[in-house]
Amino acid sequence: MNPGMSFARGLRIALLLALGLLAGCANNVTGLAREVLRIQIQTKGPIITNNPAIRYYFVLNTSSSTEGPRGYGAWPADRPRLGWHLPFYLSEETPSYAGTVRLLPVRFTDYFLLTSVAGTPQVTHGRLLGPNDANGNPQPPVGGLFDAANSLLENYRILQQGQDWSVAGNTWNLTLTKADLTAIPDSNNAPISANLFSTNNSPERGDQIIDRWTLSENDFFTLQTKAGTVTSDRNFSTPILVPSNKPTTVNADSVDFSLYQVEVRSTQ
């Protein structure tokens, strides 16, 4: 065989093999691609991670952007069968509430709680689930904590420090995949609702809100979930909303939210 023809044939085979490998790699990348939420939450002063009474909540309703986690607070007179301490369950559905101000529904699917547990900082993922579908798969909740059809999993999972979350000074970083959340699969680009709370916990009163992101109790904010988007806001001027709930030994800046940013990335 002509040496030149042999060389050309070998080159063609090598190119075909290389293209095949590249196609295989592309398929693998596509198969492994996932969408990640990189979340940054800041307070004005250093975040407290050594006091079990001080708690920081990042709360989501991944089922909707029009209903969300409003911050009316805990209501010790009516404690849901589970998780009565949460600062975002008092609503128009609370059985004994008879106030003159109408409360709106409180809706959430997932929350992330940063506090000190047995002397160690910990982030816990809590989840509110609805009843199972016909195939036995849990569905997003219908209604709130007082709906008997829903189940609250307070310790759905413990996040790994250094991998899923970190705290440095006044910044709490969270890394979540869409698969970590309720009803928000990859390629689901619908906006979702959220809120932030810092609280002071006591066995008698539950988690009393010190500060929240929204100035109004019946409000929340909206996050975009499309890959490549960034949702952020900052506030350096408003003081904590309920100073009477802050322990005197706690610096107000450490429980006063000043910034949030959520970036959605497509990774592998």
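These legends describe several close-up views of one predicted model.

In this predicted model, local features need pLDDT of at least 70 and side-chain atom pairs count only at pLDDT 80 or more, while totals for chains, interfaces and linings use all residues. Residues are numbered from 1 along each chain as its sequence is written, and side-chain values use heavy atoms, with hydrogens and water left out.

**View 1. The whole chain and its elements.**
The protein chain has 1 helix and 12 strands; helices (H or I, at least four residues) and strands (E, at least two) are DSSP runs, numbered from the N terminus. Read from the N terminus, the order of elements is α-β-β-β-β-β-β-β-β-β-β-β-β. Of the 268 residues, 45% are buried; buried means under 20% relative accessible area, exposed over 50%, and partly exposed in between (1.4 Å probe, protein chains only). Among contacts between residues at least 6 apart in sequence, 71% join residues at least 24 apart, a contact being heavy atoms within 4.5 Å. The average pLDDT of the chain is 87, and 87% of the residues score at least 70; pLDDT is the predictor's confidence in each residue, from 0 to 100. Over residues 13-30 the pLDDT stays under 50, and the model has 1 contact beyond four places in sequence for this stretch.

**View 2. Val36 in strand S1.**
Val36 belongs to strand S1, residues 34-43. Its relative accessible area is 4%, so Val36 counts as buried. Beyond four places in sequence, Val36 touches Thr175, Leu176 and Thr177, as well as Glu263, Val264, Arg265 and Thr267. Val36 and Thr267 are 231 residues apart along the chain, with their C-alpha atoms separated by 7.0 Å.

**View 3. His125 and its partner Asp110.**
His125 sits in strand S4, which covers residues 120-129. With 0% relative accessibility, His125 is buried. A polar contact of 2.7 Å joins the side chains of His125 and Asp110; such a contact is a pair of N or O atoms within 3.5 Å, where within protein one must be able to donate a hydrogen and the other to accept it, and residues adjacent in sequence count only if both atoms are side-chain atoms. Leaving out residues up to four places away in sequence, the residues touched by His125 include Asp110, Tyr111, Phe112, Tyr156, Arg157 and Asp180.

**View 4. Trp165 in strand S6.**
Trp165 is part of strand S6, residues 165-168. Because its relative accessible area is 3%, Trp165 is classed as buried. The side chain of Trp165 reaches the backbone oxygen of Leu159 at 3.4 Å. Apart from neighbours within four places in sequence, the contacts of Trp165 are Leu114, Pro121, Gln122, Val123, Leu159, Gln160, Trp172, Asn173 and Leu174. Gln40 is 125 residues from Trp165 in sequence and 9.8 Å from Trp165 in space, C-alpha to C-alpha.

**View 5. Two alanines with positive phi.**
Ala118 lies in the loop between strand S3 (110-117) and S4. Its phi is near 55 degrees, a positive value in a residue other than glycine. Ala118 is exposed, with a relative accessible area of 81%. Ala183 is found in the loop between strand S7 (171-177) and strand S8 (192-202). Ala183 also has a positive phi, of about 55 degrees, although it is not a glycine. At 39% relative accessible area, Ala183 is partly exposed.

**View 6. The cavities.**
The search of the whole structure gives 2 cavities of 30 Å³ or more. On a 1 Å grid over the protein atoms alone, a cavity is a set of points where a 1.4 Å probe fits but cannot get out, and lining residues have an atom within 4 Å of a point. Grid points are joined across faces, edges and corners, and a volume is the space filled by probe spheres set on the points. The largest cavity has a volume of about 60 Å³. Its lining consists of Asp211, Arg212, Trp213, Leu215, Asn235, Thr238, Leu241, Asp256 and Phe257. By class these are 4 nonpolar, 2 polar and 3 charged residues, where Ala, Val, Leu, Ile, Met, Phe, Trp, Tyr, Cys and Pro count as nonpolar, Asp, Glu, Lys and Arg as charged, and the others, Gly among them, as polar. The second largest cavity has a volume of about 40 Å³. Phe88, Tyr89, Ser91, Glu93, Val106, Phe108, Gly144, Leu145 and Phe146 line the second largest cavity, giving 6 nonpolar, 2 polar and 1 charged residues.

Notes. On a 1 Å grid over the protein atoms alone, a cavity is a set of points where a 1.4 Å probe fits but cannot get out, and a pocket is an open set with protein on both sides within 12 Å along at least five of seven lines; lining residues have an atom within 4 Å of a point.
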